[in-house]
Amino acid sequence: MSSGFHDDVGSSATTPLVFRPTLHMQSWTFIIGASLFALGSAPGLGTWLGTGANTAFFVGAWFFTAAGFIQLLLSAPRIGPRGGVRAVWLAAAAQSFGTVLFNVSTGAALHTRQLSAERISSGRPTPRARWADTGTFVGALCFLVASAIYVVGPRPVTGGDA
C-alpha cells in the first residue's frame, strides 16, 4: 500500500533485511522523538508530569536513535562506484552515532538525577553528570560533523536535479 510519498528509497525488493526501512518510517520516528522532547520540556509540564517528563525525554531519545539507524540503512551502499566511502553514508553514520550518544547521555542524566535525589535525601554530596554532559557535547559535535559532510560532500547526479 502506498502512502503517496516517495518513501521506498533504499528498500528495494532485493534488500535482504527483516524489515524494510523507508524515508516515511525515518521521518515518523524523528517526529515522535521530537514531540516527546517537546512534551518533556514544555514550560510547567515538567512540574505537572514529575518523572513523566524524564520518561518522555528517555523514550524520545530512543525514537531519535531508531531514526538515525534507519537513516544509516537508507544511505547504503557505504562504498561509492569509484571506491571510497560515500559522503551521504558518512554523514548518516555520524548522525546515527550522535543519536546513540544522546540516548546514552539521556539515560546517564536520568540515572544521575535519581542518584542525586537519593543522596540529597540522605545528606550525602551529589555526583556531577559528567557523562551526560560529555555525551551531549560529543553527540552535538557528531550532528555538526554530519551536517558539514552533507553540505560540502559531492552530490549525486540525478534525472531532473541540476
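What follows is a short chat about this model.

Trainee: What are the ground rules?
Mentor: This is a predicted model, where local features need pLDDT of at least 70, side-chain atom pairs count only at pLDDT 80 or more, and totals for chains, interfaces and linings use all residues. Residues are numbered from 1 along each chain as its sequence is written, and side-chain values use heavy atoms, leaving out hydrogens and water.

Trainee: How many helices and strands are in the chain?
Mentor: The chain has 5 helices and 0 strands. Helices (H or I, at least four residues) and strands (E, at least two) are DSSP runs, numbered from the N terminus. Along the sequence the pattern reads α-α-α-α-α.

Trainee: Where is confidence lowest, and where highest?
Mentor: Helix 2 (residues 45-49) is lowest, at a mean pLDDT of 71. Helix 1 (residues 23-41) is highest, at 89. pLDDT is the predictor's confidence in each residue, from 0 to 100.
Mentor: Over residues 1-13 the pLDDT is below 50. Beyond near neighbours in sequence, that stretch has 15 contacts in the model (contact means heavy atoms within 4.5 Å). Where pLDDT is low, the predicted coordinates should not be read in detail.

Trainee: And the mean pLDDT of the chain?
Mentor: The mean is 75, and 67% of the residues reach 70 or more.

Trainee: New topic. Which residues make up the largest nonpolar core?
Mentor: Ala87, Ala91, Ala94, Ala146 and Ile149, 5 residues in all. Such a core is a set of buried Ala, Val, Leu, Ile, Met, Phe, Trp, Tyr and Cys residues joined through side-chain atoms within 4.5 Å. Buried means under 20% relative accessible area, exposed over 50%, partly exposed in between (1.4 Å probe, protein chains only).

Trainee: Which helix gives the most to this core?
Mentor: Helix 4, with 3 residues.

Trainee: What does Ala87 touch?
Mentor: Ala87 touches Ile149, Gly153 and Pro154, not counting residues up to four places away in sequence.

Trainee: How much of the chain is buried?
Mentor: Buried residues make up 29% of the 162 residues.

Trainee: Now the outside. Which residues form a nonpolar patch on the surface?
Mentor: Phe97, Phe137, Val138, Leu141 and Leu144, with about 490 Å² of accessible area together. Accessible areas come from the Shrake-Rupley method with a 1.4 Å probe; for residues, only the protein chains shown count as cover.

Trainee: Which helix gives the most there?
Mentor: Helix 5 (residues 130-152) gives the most to the patch, with 4 residues. Val138 is found in helix 5.

Trainee: Why is Val138 called partly exposed?
Mentor: Because its relative accessible area is 30%.

Key:
Patch = residues over 30% accessible without salt bridge, like charges linked within 9 Å, V, L, I, M, F, W, Y side chains within 5 Å. Salt bridge = Lys/Arg side-chain N within 4 Å of Asp/Glu carboxyl O.
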